Every structure is written in structure tokens, then in C-alpha cells.
Amino acid sequence: MNYFKFILSAFVTVVLIVLLNSQLGVAPPFAKFLNPYQGFWQNAENTKTWKDDEAHVPGLKDEVKVYFDERLVPHVFAKNDQDLYFMQGYITAKYRLWQMEIQTHNAAGRVSEIVGEKAIDLDRMQRRIGLGYGAETAQEYIAKDPASKQLIDAYCDGVNAYIKTLKPKDYPVEYKLLNYKPEAWTPLKVALLLKNMANMLSVFEYDIENTNFITKYGDQNFRELYPDFIDAEDPIIPVGTPWNVTPQDSADHSKMQAGNAGVIRNELFANALTKPDEITGSNNWAVSGSKTKSGKPILCNDPHLRLSLPSIWYEMQLVSPNMNVYGATLPGSPAVIIGFNDSISWGVTNGGRDVRDWYKIKFKDASRDEYEYNGQWVKAEKKVERYKVRGKPDVLDTVVYTRFGIVVFDQNFGTAGSKKNLAMRWTAHLPSNEFKTFYQLNCGKNYDDYINALKNYTCPAQNFVFASRSGDIAIKQQGRFPLRDRASEQGKFISNGTSDKDEWKGFIPSADNPTVKNPERGFVSSANQHPTDSTYPYYYPGLGVYENYRNRRINKLLTDGKDIDADFMKKMQTDNYNLLASEALPVLLSLLNRSNLNEQEKKMVEELSKWDYYNNAGEVSPVYFEIWWNELRKLLWDEMMDKNVPMKQPNFYVTVEFLKHDSTSVFYDNLSTPNKKETREDIVLMAFKRIEDTLRKKEFTEVNEPYDNDDNYKKDDLKAHDWGSYKDTKIGHLAMLDPFSSMHVYSGGNIGIINATNTTNGPSWRMIVDEGAMKAYVVYPGGESGNPGSAYYDNMVNSWAKGQYYEANFIKQGDELGTKKLFTSSFKP
Amino acid sequence: MKNFVVSVFVILFLSSVLQPFLPWYIIAPVAFFAGYFIKQSALAAFGAGFWAIFLLWVSYAFVLTHANNDLLAHKVATLLPMGGHVSMLLLVTGIIGGLVSGLAALSGRLAAAL
């Protein structure tokens, strides 16, 4: 009996320990997670005391000092570049390790290793579009440049030196929740991060969608709905700027004469990459001294990305004998990406150029061993991808490589039943060294350094804006862009991947990329619009994917602006003027039949008619307009919403023009009502009638109902609240954990507006650099620490939402921080 | 009663010394040996094991979260989900550690009785 009792008790104890130490479903291992010695309690950062610290770090050559200011921004002072990047890696890892790693796991198609089989399709997609392949290519290429390799290695060594100091109790809380541990950092991971960024910013191609559309609706409709250029075009390079560009001189020009074997315009395809509905891009601009109060340039940049926590950017100052640079860094990758030094400043927006082309591959047979090329069968390369899946056996996936790119969609991937083989050629697969560009910008002194730094930059294509203390401003769209055949509009549709005529003929020389320096108008700007007007000598697909609103608003404000200073720029970056609404709403109101409106609806019309087109958080009109506009597009472009045949909705500008000028188009008819033929006025009214319904259905949380006392509408009869509550901006945690997210952020703006904050995307970093005062103002929707248990995790969110800024502490030595210093970390070899 | 107090103290002290360096389940062998060597009833052994770790874990967790203004604990208590109640999270933490320790101490006592 005693034996039995003992065995039972011991057995229960052991089972309990095992259970509490292992992960059950999505729940963390409870005792491992909850015990205060190793569990999450250890991540509860002591917010009350900060003190200086010292450490010996093997791998350093010399002493490095890191001064943390009142926002926990590190100012790293090293005596050589290697130590500088080593310590950039070390400090970044200290505050952002989990984020760095999960982003590279995502790019490498390794999320299933952590979260199990639910991520397997995501992982397969990442490998099939070749993010890992691109990263490996880049890494091999970078290794041939000893200077770059040395600095990237130093960065990785720094990250790894930090990881070595960690005990399980020190792991970021997400590792504890998901029950895994950090692995070593490598140059491949640095490359993966940049490819991840390239992927986010290369989505503006619609080859498959366009082929589907032209197949179904013909050439004439295609020309009307997807024009290359619009009437109101206001390109990055001001119209009339002469082109010092001669395509005939390019070595690859002769190959262009061969023409193209013909794109595909009469076939439907079931698979395309998912893309955002309308571009949420970025803004940047620089004004010359002729327009500023100080007589020196001011440069501004706010890149719009998915809003996430930990923040995509990590603010830093990096100082060595070679440079003193400040700005936004990408956690996991060395150097400052957007920023300024004591001589120059620069910023980026997405180029939005089409840098991905799709090819239909013709295999000899189902084995897919050989494909047709110039009338012969050539051998395809095959790679078996192995996916480790948590809690399940490994998954294998054979991916086929051709000279037209990696076969993304095939019999094994994409919509079931589609046997079509589509390969994707993408500039992110080319050998490139983007790090070198940023390094050279970080140390740059003048315009020549800037142009030289951009020379070899490949992907993602960006509009690099520039200003210098010496008074120059410039902008250049830089990336590697394929030479394409103009006559067949190569790149706009799927190409036949069967001959050398269909291949890219080479690349536009970097020197010929669109650029302008010190233009007469006194400013340069970009907001993801067309880089050029139609006179640019090289052909590139226009497609109507470019943004047509922020650019015009920015250029108007800058044209009108005089005696510009930093405050002017702050107001401008947070400007909520809705140019789209100012053009679309009068058209909608003129088409609205008002004879059958109820009282509530009449009030809405009245409100809308009085609206000044500002999407400020406290307004109600933007809510009505937004719903009306979205519902109308759903009714109007329902033809393009066929799930089995992906197509692109025409862009906003085209939609407004269409409503204005085309009164009888077949597209007005709604496909869901086969017995009725709707007119333009019908769908405008139908969409308007949906506003009330949409508002009733929308659940407002208490947090985002600050305007409950609105006279017009009571909470009970109509949940019509203001724009900030309706938009309900969320800054989501990377693992989609709401308690670790910033929920219900109350702010104005929208896509198409300079303050491009919508529900999930927005300005991820706002920066204003005043070259005259040598001062910079910055803010971003997050905080320096990646730890949800830190007071510095999301401390800047409110300032960001309100449009407030922080003055950057751009210092020459540590003691300049004075009382703004939180603590100093000293590192010795 | 005296042995109960000694037992609680021994488990609490040894666990607090060893836990910073060893996985959390080091509390089990510690409680087991305390149970084995300190003479008391089986029920008292369990109680001593339970209360020792309950007290240790809850008080240490409390110290950590207090210095953090409950910032993280509140988020975790929302995530798990416990309606954001940090006190509940502390209680669960204590009970989990207490149960393991109590059962291990009980096993130790039963082993001594063989």
C-alpha cells in the first residue's frame, strides 16, 4: 500500500512537471512561462531606475560608449567603423532581438517551425517567390567586396556577442510565449531582411490581372481603365526637365530591336499574388534655401508601411572617426537607412516601378524536367524545399527554376485545378549590395557622394531625396530596371516564356534613371507617383498603379510655401486634406437622386455638402464619404472581384474620371442582379443607402467613442461617430497579439492623404531635417524598446497620432546630452 | 508545527538559491528531499511544499511586477486570458509552483515511509 501511494504521488508529480513544461496547443508551457525566475515576469522592466553599466565584450577592438537619451535612443560612439557596426548589432539585438529574427524567419519561409502547420502556405509562398534565393545571391555577391563583408560581419558578430550573454530568463517575452530560443545571426539574415523589404515594396505589378482583364473585356476597355498616364499627371521629375539620356547608347539597345514574341492577351489565369487595394506609399520632399526662412534646405520623409509593434524602425546615432550619422535603422541590418549626418540628409519613398515579370512556362511533360526555349527543350533546375513544421512531420516541396525565374504557381501550388505554370522574374534575385549604398550615404559629404552611393543600388527601387548643408537638393529614382519592349508592352501582361525574345534585354543604365538637381521651382518631391511624364526615352509599364493625390497636394503646398521652416513642415506632414474627396464628392453628389432619402440620409447629404475635405479625426463627413466611396467601387467594379479570375480595380483617379464622363458603360450593371440593369445613378444611390447600414453594423469600442455627445446622432439610433473612431487605427504586434498591440489609436488621415494613416498602415517614421539650424525632428508610432514590458515600447504612439515631434539629440560627444541622458553603457574589449 | 515551519523555510531558502541557475522544476527535488528528511505527516509535507513555493513565487513575481507598474503583467493577464487581472495571474503562478512543490514534498514523505 505504501509503495502504491508513493508511486502514485511520484507519478502525478512527474506528469504535472512535464505538462507544465511543455507547450499545449497555442498556450505557452505554463510553469516555464509563469515562474518568476525564468518566466515572463523577468521581462517586466524596472521602469524606475536607470544606471550606468560596463561590460567586457570579446570581439571589440577598442572602447565603445553608448549614451541613451530620454527616449532610450542610443548614441553609439566608436573609434573605428568595425566597432561601430559591431555595437550597432549588439545594441539593436538588446532591444529588438525577437523582431529581427521573426522577420527573417518570415522571409526565409520558416514560420511553421515556430507556429506549426497554419503557416505552411505562407512559408511555401516566401520560398517560391525566391526570397531566400535572392538573399543567398546577394550574400555571395557582397562577400566579394571585402569592405562591405567586414562591416556586415562585424554587425553579425555584435548581435551574436549579445545573444551569448543571454540566459533563458533574459529571452524576449515572445520567445517564452512561443517556447523557442534565438539562433545565431548571419550575413544571410541581413540579406533576408532587405529581401523582405524588397518584397513588401515590389507588389506593384499586375501582369496576371491585366492579362485576365484584357482577355475578358478587350483592348478598348483596358485603355480606358488602365491608362499609362493621366491628365493630372504631376511626375517626380518636373514636366519639361530635359533628359540627358540616350537609350541608343546602351549596350543592350540592339537586342531590343529584335522585338518580343508577344505577350498573352487571350487567356485566363486563376492565380496572382495578393496585393493591397490601393497604394499606401510614402512621401519625401526637400526645399532649397530660396524657399526657406534660414536660406538652407529642409528635407522631409515619411515612409508609409504596415503599422507594427515592435516598430519597423529603430532610431540611432552612429559616430566613428569616419561618420556622424543619425536616423532610422532597420533592426537586423547595419547602417542608417533614412537619416542625416553633419553634411547631408536623405530619405526614401517607394519607386513603385514594375520590377517583376511573369512568364508562362511550357514544360515538355508532367515531370517538368524540361521546358521550351528557342524551339528546344532545355533542362529545368529543381530544388526540394524542406519545411520543418512544429509538432508535425517535415513538409517537402519541389520548386522549379527556369531562366525566366522561379515557377511560383504550378500544379502543386495555387488554386487547385490550375495546372498553369507561371514563373516570376524579379530584380530582387539579381546580385546586389544595397548595404554599400547606405554605408556611402551614411559617410556622404555632398551631392557627388550621394549620386555615387546610389549607382549600384538595385531593389527595392526607391526615390532617394537629398539635401545638403551646402545648399543642394536633388531626387533620383534608383533601382535596376529591365529594358522592355515598348511595342508589345512587355511587362504589362504575362509573357510567353518560350524564347530569348521574351527575356529581359538588359537593364537601363543607372545614370539614365530619372533624376533632377536643384530644379528652378525650388523643391523636389515624390509620393509614389509616376517618375516621369511620357517623354522619358525608356519604356516602362505605367498601368495606372501610381498614386495621384498626395503628390499633387504636396506640390501645391510647396509651390505656395514661402519662408518655410520646420513648423511649416510639421503641419504639412500631418496635413489631412483629402484631395480625392474634393474631386470625387462633387461628382457623387451631382449624381445622387435625392427624391427618396430618409431624414437621416438628408442630414448626411447636408453634412457632406458643407465638408471642407479635411479628414480630421473629429469630423463625421469623412466617414460618410469613405463608406460611400468604398461601397460604390464595390458595386461599380464588381466585375473585377471574381475570386477565380484575379483582376485589378481601376485606380481612384480613373474611377472619378469614369463616373464623370462615361454615363452608359456596361460596368455600371451589377452582376449580382441578373434581372436588373443598373445605371450610373442607380449604383451611386445604392452605395449611398449603404452608409447607414454599415454604421449600424460597425462595432465601436468604448475607447474610441470620444464624441458620444454628437448632437446629430445618438448612440442608440445610429452609430455614426467621427473619423478617428471609425478608422480605428491599430498598430498591431508582429505575432498578432492584441494585448501587445496599440489598439484604437485616434488619428486623422487616410490613404491618398499626406498623413496617410488608415486602419493598418501609415507613416512609420516622420523626419524633418533643417539643414540651416542643423536640427532634426522625428517621431514614429512605437518606441525604442521591443519589449512589451518596457515603458519605452509604445511611448511615442500618442505623440505620433497627435502629429507631435521630438527634436533629435544630434550630438558630437556624449556629455552634450546633459540632463537628457538616461544612462551610459561602456563596452571594452 | 515546528517541523512544518522548518520544512517551509528549507524549501523556500534552497529553491531561492538554486532557481536563478537551474530550470524551474528544481523546486521538485528540493521539496522531495525536504519531505524525505523532515519528519511530519503526509498532509503537512504537502502543505509545506505548497506554501513554500507559493510564497516564494508570488512574492518574487510581485516584486518584479511592482517595479514595472504591472505594465507587462497586465498585458499577459489579458492575453492568457484573465481579464487583465494581475492578482489573478499572481495567484495562478503561485498555485502552479505550489502544486508541483507540494506533490514533490508529499512524494518525498511517502518515500521516507517505505
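Which residue's side chain meets that of Arg386(A) in a salt bridge? The partner is Asp394(A), with a distance of 2.9 Å from N to O. Asp394(A) counts as partly exposed, its relative accessibility being 38%. This and what follows describe a predicted model.

**Confidence**

The average pLDDT of chain A is 92, and 95% of its residues score at least 70.

**The seven-stranded sheet of chain A**

An open sheet of seven strands in chain A runs in the order β4-β21-β12-β18-β17-β16-β15, with mixed pairing. Its edge strands are β4 (263-264) and β15 (381-389) of chain A, each of which pairs on one side only. Helix α5 of chain A, residues 120-128, packs on this sheet and touches β15, β16 (392-402) and β17 (405-409) of chain A. The direction of helix α5 makes about 150 degrees with that of β15(A).

Within the sheet, β12 (residues 356-361) and β18 (residues 422-426) of chain A pair in the antiparallel sense over five bridges. Lys360(A) has Leu422(A) as its bridge partner in β18(A).

**The three-stranded sheet and Ser308**

Another open sheet of chain A has three strands in the order β7-β24-β25, again with mixed pairing. Strands β7 (308-309) and β25 (742-745) of chain A are at the edges and have a single partner strand each, so one side of each lacks a neighbour in the sheet. Strand β24 (residues 729-733) of chain A pairs with β25(A) in the antiparallel sense over two bridges. Opposite Ile731(A) stands Ser742(A) in β25(A).

Leaving aside residues up to four places away in sequence, Ser308(A) touches Ile731(A), Gly732(A), Leu734(A) and Pro781(A).

Strand β28 of chain A, residues 775-779, is mostly covered, with four of its five residues buried. Strand β27 (residues 766-770) of chain A pairs with β28(A) in the antiparallel sense over five bridges. Val769(A) has Ala776(A) in β28(A) as its bridge partner. The two strands, β27(A) and β28(A), form a hairpin with four residues between them. In the turn, Met774(A) has a positive phi of about 55 degrees.

β28(A) also pairs with strand β29 (residues 806-807) of chain A, in the antiparallel sense over two bridges. Here the bridge partner of Tyr777(A) is Glu807(A) in β29(A).

**Salt bridges**

Over all chains the count comes to 49 salt bridges.

| Glu209(A) | Lys275(A) | 2.6 Å |

Asp369(A) is partly exposed at a relative accessible area of 34%, and Lys382(A) is partly exposed at 40% relative accessibility.

A network of salt bridges links Asp219(A), Arg223(A), Asp228(A), Arg265(A), Glu489(A) and Lys492(A).

**Chain B and its interface with chain A**

Chain B has five helices and zero strands, in the pattern α-α-α-α-α along the sequence. The C-alpha trace of chain B spans about 45 × 25 × 25 Å along its principal axes. Chain B has 114 residues, of which 52% count as buried. Among contacts in chain B with a separation of 6 or more, 76% involve residues 24 or more positions apart.

How many residues of chain A are in contact with chain B? There are 41 in chain A, in contact with 42 residues of chain B. Together the two chains, A and B, bury about 3,600 Å², with 75% of it on carbon and sulfur atoms. The count of salt bridges between chain A and chain B is zero.

Note on methods
Residues numbered from 1 in each chain as written. Chains lettered and ligands numbered in written order. Predicted model: local features only at pLDDT ≥ 70, side-chain atom pairs only at ≥ 80, totals over all residues. Heavy atoms only, no water. Pairing = 2+ DSSP bridges. Contact = heavy atoms within 4.5 Å. Axes fitted to C-alpha atoms, helices over the stretch in contact; angles between N-to-C directions. Buried < 20%, exposed > 50% of the residue type's maximum accessible area, 1.4 Å probe, protein only. pLDDT = per-residue confidence, 0-100. Buried area = accessible area lost by both parts, 1.4 Å probe. Salt bridge = Lys/Arg side-chain N within 4 Å of Asp/Glu carboxyl O.
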